[in-house]
Amino acid sequence: MSVRIAFILAAALLSAAPAAAGPANDYPTAARADYVIACMASNGQSHIVMEKCACSIDAIADRITYDDYTAIETVKVMADQPGERAGIFRSSGWAKDLMDRFRQAQVAADRQCF
């Protein structure tokens, strides 16, 4: 086989290779579904609202990694707990920074989707 034919075959095989396996910050389906369900509980139970809520979590996933999203969800849950031990999640700078990042991402997502 000549070098030219080998090169053409290699180029054809490379062009037929599948694309990358999705976005770098892809969230598990269950996390996306939980967000959409909570969003719909706040905004209405219609198909249009479901589409807007799905758009919203997609937009958030474009701005925040899943690891940061799980940390944010943990801070939200813990900050709502009563008592002194949960106070660190309500008053620490790192927790406030995480929540600020999430609020900014959520505002941008709302502008994009709602």
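What percentage of the 114 residues in the chain is buried?

## Model and overall composition

In this predicted model, local features need pLDDT of at least 70 and side-chain atom pairs count only at pLDDT 80 or more, while totals for chains, interfaces and linings use all residues. Residues are numbered from 1 along each chain as its sequence is written, and side-chain values use heavy atoms, with hydrogens and water left out.

Buried residues (under 20% relative accessible area, 1.4 Å probe, protein chains only) account for 25% of the 114 residues. The accessible surface of the chain (Shrake-Rupley method, 1.4 Å probe) is about 7,900 Å², and carbon and sulfur atoms contribute 60% of that area.

## Secondary structure and contacts

Along the sequence the pattern reads α-α-α-α-α-α. Of the contacts (heavy atoms within 4.5 Å) between residues at least 6 apart in sequence, 60% join residues at least 24 apart.

## Packing of H2 and H3

Helix H2 (residues 29-43) and helix H3 (residues 47-63) have axes, lines fitted to C-alpha atoms over the stretch in contact with angles from 0 to 180 degrees between N-to-C directions, that come within 9 Å and cross at roughly 130°. H2 is therefore oblique to H3, a class left after angles under 35 degrees (roughly parallel), over 145 (roughly antiparallel) and 65 to 115 (roughly perpendicular).

On the H2 side, Arg32, Tyr35, Val36, Cys39, Met40 and Asn43 meet residues of H3 that include Val49, Met50, Cys53 and Asp58. The residues of this contact comprise 11 nonpolar, 2 polar and 2 charged, where Ala, Val, Leu, Ile, Met, Phe, Trp, Tyr, Cys and Pro count as nonpolar, Asp, Glu, Lys and Arg as charged, and the others as polar.

Conventions: Helix = DSSP H or I, 4+ residues; strand = E, 2+ residues; numbered from the N terminus. Buried < 20%, exposed > 50% of the residue type's maximum accessible area, 1.4 Å probe, protein only.
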